[in-house]
Amino acid sequence: MVHQQAAKEAIPLLTPYKMGPFELSHRVVLAPMARFRSYGDVPQPHAAVYYAQRATSGGLLISEATVVSATAQGFKNCPGIWTREQVEAWKPIVDAVHRKGALFFCQIVHAGRVSTNDFQPDGQAPISSTDKPISPNTETGMVYSKPRRLRADEIPGVVDEFRRAARNAMEAGFDGVEIHGAHGYLLEQFMKDSANDRNDEYGGSVENRCRFVVEVVDAVVREIGAHCVGIRLSPFIDFNGCVDSDPVALGDHMVRQLNRYDGFLYCHMVEPRLAYSGRSFFVDGRRQIPHGLLPFRKVFKGTFIAAGAYDREEGNKVVAEGYTDLVAYGRLFLANPDLPRRFELGAPLNKYDRSTFYTQDPVVGYTDYPFLDENHDDSAARA
């Protein structure tokens with residue numbers, strides 16, 4: 001026991017951290033990952049098992065992207081939080097995480113043009129910053145519908161959807177919310193100049209393009225308090241047809257906007273990389289992370305979370321060097337529900353299976369990845 005405690009103290013990822021009003025026991029964060037197992041867009045009991053498996057006392061979990069309204073949908077079986085049924089369905093899932101002593105934040109999202117008419121009420125066009133559709137995805141075969149450009153007078157209504165979703169998340173018991181401003185969804189469609197061809201007050205300059213997301217942040221902060229609001233941003237990533245000609249200026253502007261709030265909790269940013277196009281940087285057989293977030297880390301006043309292909313060694317390094325406060329893990333945490341413990345012991349990791357990432361099976365590729373301890377008890381999640 002003494003040896004294990006000494007080892008834990010020597011590992012930067014496993015040192016305590018105070019995130020605003022919250023006390024974390026380690027720096028390993030469960031990244032938000034789409035799971036597509038919420039049948040009929042309602043969270044299911046098997047989600048309680050999944051999240052509780054990955055919960056540790058003093059750990060931070062961020063939920064999969066959770067839809068803010070009927071028009072925000074872009075995928076089948078993606079959970080929502082705009083109806084009473086959805087709010088009630090989230091409550092036992094949040095309770096299961098809290099029984100393990102972990103913090104749980106709800107990531108709230110609007111897909112915008114990353115959608116089709118089939119997902120929209122009455123078959124209407126998805127909404128966006130533009131009326132230009134995303135090019136068909138040659139890898140997945142996905143063909144997106146032509147979007148409808150939001151009028152400026154409609155934007156306050158969408159802002160209010162985020163506000164209500166944040167309120168609903170807190171009612172469901174979440175400790176806070178993460179606003180999804182990344183990966184080509186609606187907020188990023190406004191922020192990035194490749195997808196924003198507007199000539200009104202929401203287009204043109206970086207200030208105008210970020211106006212919508214700043215209004216969303218304003219509304220959510222007023223509703224639930226800055227101390228329990230975070231945001232995810234990906235200024236460097238080219239995904240879902242969203243790329244910016246000056247990602248550094250975009251990221252810098254956004255973190256400075258967040259600094260206007262007294263106690264804004266965290267900024268969660270994705271490293272620049274080529275993984276989304278099927279390529280990555282490898283040197284001597286190891287994935288290389290560009291570490292391009294330092295300018296934003298230096299400016300932002302709250303907790304900084306870095307994400308993007310981190311492993312144990314690289315995560316320890318960036319925490320030790322002060323490059324980030326916390327590190328978010330996606331695929332490694334999916335395949336290793338006891339990831340913090342494996343990091344503590346330097347234990348081997350389970351390999352993830354890409355073919356089961358987005359199936360609708362309630363067990364396979366979801367809650368069936370093995371623990372180091374074969375006798376792990378899921379009773380807290382199942383109660």
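Reader: Which residues is Q360 in contact with, leaving aside its neighbours within four places in sequence?

Author: Those are F36, R37, Y39 and N77; contact here means heavy atoms within 4.5 Å. Bear in mind that this is a predicted model, where local features need pLDDT of at least 70, side-chain atom pairs count only at pLDDT 80 or more, and totals for chains, interfaces and linings use all residues. Residues are numbered from 1 along each chain as its sequence is written, and side-chain values use heavy atoms, with hydrogens and water left out.

Reader: What makes Q360 partly exposed?

Author: Its relative accessible area is 35%. Buried means under 20%, exposed means over 50%, and partly exposed is in between (1.4 Å probe, protein chains only), so Q360 counts as partly exposed.

Reader: Where is Q360 found?

Author: In the loop between α12 and α13. Helices are DSSP runs of H or I with at least four residues, strands are runs of E with at least two, and both are numbered from the N terminus.

Reader: Why is the pair of Y50 and Y366 called stacked?

Author: Rings of Phe, Tyr and Trp (its six-membered ring) pair if their centres lie within 6.5 Å; planes under 30 degrees apart count as stacked, over 60 as edge-to-face and the rest as tilted. The centres of Y50 and Y366 are 4.4 Å apart and their planes are at 5°, so the pair is stacked.

Reader: Why does that pair tie together parts that are apart in sequence?

Author: Because Y50 belongs to helix α2 (residues 45-53) while Y366 lies in the loop between α12 (339-345) and α13 (379-382), the pair links parts 316 residues apart in sequence.

Reader: What makes F264 and F300 an edge-to-face pair?

Author: The values are 6.5 Å centre to centre and 80° between the planes. F264 sits at 5% relative accessibility, so it counts as buried, and F300, at 6%, counts as buried as well.

Reader: How do you know that the charged end of R260 sits over the ring of Y261?

Author: A charge sits over a ring if NZ of Lys or CZ of Arg is within 6 Å of the ring centre and within 35 degrees of the ring normal. The charged end of R260 is 5.0 Å from the centre of the Y261 ring and sits over it.
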